[in-house]
Amino acid sequence: MTTALITGATAGIGSAFARRLASDGHNLVLVARNTERLQKQATELHDKHGVEAEVLTADLSTEAGIAAVEARLADRTHPVDLLVNNAGFGNKGEFLEVPMEDELTMLKVHCEAVLRLTSAAVRGMKERRRGGVVNVASVAAFVPRGTYGASKAWVVQFTQGAAKDLAGSGVRLMALCPGFVRTEFHERAGMGTDNIPSWMWLDADKLVAEALKDMGRGKSLSIPDPRYKALMGVVKVAPRGLLGGITSRTGRKYGPQ
């Protein structure tokens with residue numbers, strides 16, 4: 001049986017990955033900050049699917065948290081075959097309204113942790129000539145929208161660049177770029193969601209199913225919904241200045257900064 005390590009595993013997209021991978025027979029290493037929620041999730045997945053579900057409490061906004069997950073990924077006696085870098089969050093407020101400490105924390109979680117954990121995982125995968133990494137980004141990566149969008153753009157560029165470098169090694173890397181997903185994300189950031197059109201919402205379980213299909217096809221970028229694929233097609237041809245104004249207004253209305 002293969003083993004998948006998922007960060008931000010107790011809610012939203014991370015939880016959906018855990019459910020799907022457990023149902024497919026993968027053992028799990030579940031990473032999040034809340035030990036009680038992790039233990040409950042591990043018990044439920046073990047009881048329902050008969051897989052081993054290891055718990056690792058770690059806060060990826062801290063050096064100790066990142067180092068703990070790096071150490072687990074570097075364990076050659078219990079190798080990880082699939083890494084899902086899902087942990088992330090949003091800040092409410094425009095540029096200069098968000099405290100600098102919070103901005104830097106976002107970069108640590110979205111960029112530094114992704115870089116270090118991907119590197120720790122891929123070293124062993126490359127030696128074994130098999131494995132995969134899914135780095136969860138966002139469609140916000142493709143529009144000029146503050147620190148959140150910038151950090152997710154970094155995730156996309158890093159992942160696709162590393163995927164090219166690892167071509168032929170047996171290791172696959174993919175950046176996953178969802179749109180609005182019904183999770184705890186907005187609630188944790190203190191953002192209202194009543195004004196978001198119903199058609200923009202995605203189901204986490206369906207999103208994960210499409211993402212894994214794209215991973216199987218060898219894609220380095222997954223936008224797992226036709227609606228958002230169409231929107232991103234428009235974004236590619238829209239003038240940058242016009243796009244910046246539109247995304248600034250819609251970002252203040254709907255999304256994280």
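The lining of the second largest pocket comprises 6 charged, 4 polar and 1 nonpolar residues. The model is a predicted one. The space in this second largest pocket amounts to about 220 Å³. Two elements each give two or more residues to its lining: helix 1 (12-23) and helix 2 (35-49). Helix 2 gives the most, with 8 residues. Among the lining residues are Thr10, Ser15 and Arg19. The lining also includes Glu36, Arg37, Lys40, Gln41 and Glu44. Leu45, Lys48 and His49 belong to the lining as well. Leu counts as nonpolar, and the lining has 1 nonpolar residue.

Charged side chains were examined next. Side chains of opposite charge can pair when their charged atoms come close. The structure holds 12 salt bridges. One of them joins Glu127 to Arg76, with an N to O distance of 3.1 Å. Glu127 is part of helix 4 (residues 100-128), whereas Arg76 sits in the loop between helix 3 (63-73) and strand 4 (82-85). The pair therefore ties together parts that are 51 residues apart in sequence. Glu127 has a relative accessibility of 57% and counts as exposed. Arg76, at 42%, counts as partly exposed.

Glu112 is partly exposed, its relative accessible area being 29%. Both residues also take part in a network of salt bridges. This network links Glu63, Glu70, Lys108, Glu112 and Arg116.

Asp214 and Arg217 form a further salt bridge. Their closest N and O atoms are 2.7 Å apart.

Note on methods. Residues numbered from 1 in each chain as written. Predicted model: local features only at pLDDT ≥ 70, side-chain atom pairs only at ≥ 80, totals over all residues. Heavy atoms only, no water. Salt bridge = Lys/Arg side-chain N within 4 Å of Asp/Glu carboxyl O. Helix = DSSP H or I, 4+ residues; strand = E, 2+ residues; numbered from the N terminus. Buried < 20%, exposed > 50% of the residue type's maximum accessible area, 1.4 Å probe, protein only. 1 Å grid on protein atoms, 1.4 Å probe; cavity = no way out; pocket = protein on both sides within 12 Å on 5 of 7 lines; lining within 4 Å. Points joined across faces, edges and corners; volume = space filled by probe spheres on them.
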